[in-house]
Amino acid sequence: MISAGDFRNGVTIEFEGSLYQIIEFQHVKPGKGAAFVRCKIKNIKTGGVVERTFRPTEKVPKAHIDRKDMQYLYSDGELFHFMDVNTYDQIAVNADAVGDNLKFVKENEMVKVISHEGTVFDIEAPLSVELQIVETEPGFKGDTAQGATKPAIVETGAKVMVPLFIEQGEVIRIDTRTGEYTGRA
């Protein structure tokens, strides 16, 4: 249990049957009345952000989130398979928990598997990945009317906007948080 007076950014709590992470908090001491803690909390599973107030003495259960480095093995369509490289234990995760988080991750790459009480609810890809372009149109000199970028498909099947000078077969670096091209590898 953690009291509202001890809230800090990044702390994960169980509140109203869901897991929330504290994004922002503020201790408020009005001139009249009792002090309170105003918080912005983010639902970890849905991503929704709500604002709540707590009395400083109010206690809520602190949630324990496990982040484990695992190797992404393969996908069989509906399940994604991961392996712990230390113990060689394998787990299968439903596509709902993975979402679009693996669209830039190749097989045998390391990812962070995030779980609560043994239930996996999120996958964190590496911040930056290097992927080869398998399909793109040739860029024409002087064709800069549309921001000088063109669509390209990388080896994982994801679509990325790249500069005109990038050719098919090149290896590029992509920021997985934004899905944007950051440079050649």
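Reply: Start with the rings. Phe7, Phe15, Tyr20 and Phe54 are joined into a cluster by ring pairs. Rings of Phe, Tyr and Trp (its six-membered ring) pair if their centres lie within 6.5 Å; planes under 30 degrees apart count as stacked, over 60 as edge-to-face and the rest as tilted. This is a predicted model, in which local features need pLDDT of at least 70 and side-chain atom pairs count only at pLDDT 80 or more, while totals for chains, interfaces and linings use all residues. Residues are numbered from 1 along each chain as its sequence is written, and side-chain values use heavy atoms, with hydrogens and water left out.

The structure has five aromatic pairs. In one of them, the ring centres of phenylalanine 15 and phenylalanine 54 are 5.2 Å apart and the planes meet at 70°, so this pair is edge-to-face. It links distant parts of the chain: phenylalanine 15 is in strand β2 (residues 12-15) and phenylalanine 54 is in strand β5 (residues 49-54), 39 residues apart. Strands here are DSSP runs of E with at least two residues, and helices are runs of H or I with at least four, numbered from the N terminus. Buried means under 20% relative accessible area, exposed over 50%, and partly exposed in between (1.4 Å probe, protein chains only).

Now another pair. Tyrosine 72 and phenylalanine 82 are tilted, with 5.6 Å from centre to centre and 45° between the planes. This pair also links distant parts of the chain, with tyrosine 72 in strand β7 and phenylalanine 82 in strand β8, 10 residues apart. Tyrosine 72 is buried because its relative accessible area is 7%. Phenylalanine 82 is buried at 0%.

β7 and β8 (residues 79-83) pair in the antiparallel sense over four bridges. Two strands pair if DSSP finds at least two bridges between them. Across this pairing, tyrosine 74 stands opposite histidine 81 in β8. The hairpin has three residues between its strands, and there glycine 77 takes a positive phi near 110°. β7 (residues 65-75) also pairs with β10 (residues 110-116), antiparallel, over seven bridges. There, arginine 67 has isoleucine 114 of β10 as its bridge partner.

Move on to an open sheet. Five strands build it in the order β14-β13-β12-β15-β16, with antiparallel pairing. β14 (159-163) and β16 are the edge strands, each pairing on one side only. In a regular strand the side chains alternate between the two faces of the sheet.

Inside this sheet, β12 and β15 pair over five antiparallel bridges. Leucine 131 stands opposite isoleucine 172 of β15. Isoleucine 133 belongs to β12 (residues 128-136). Its relative accessibility is 1%, so it is buried. It lies 39 residues from isoleucine 172 in sequence, yet their C-alpha atoms are 7.4 Å apart. Leaving aside neighbours within four places in sequence, the contacts of isoleucine 133 (heavy atoms within 4.5 Å) include Ala152, Val154, Val162 and Ile172.

Finish at the loop between β15 (171-175) and β16 (180-184), where threonine 176 lies. This threonine 176 is buried at 18%.
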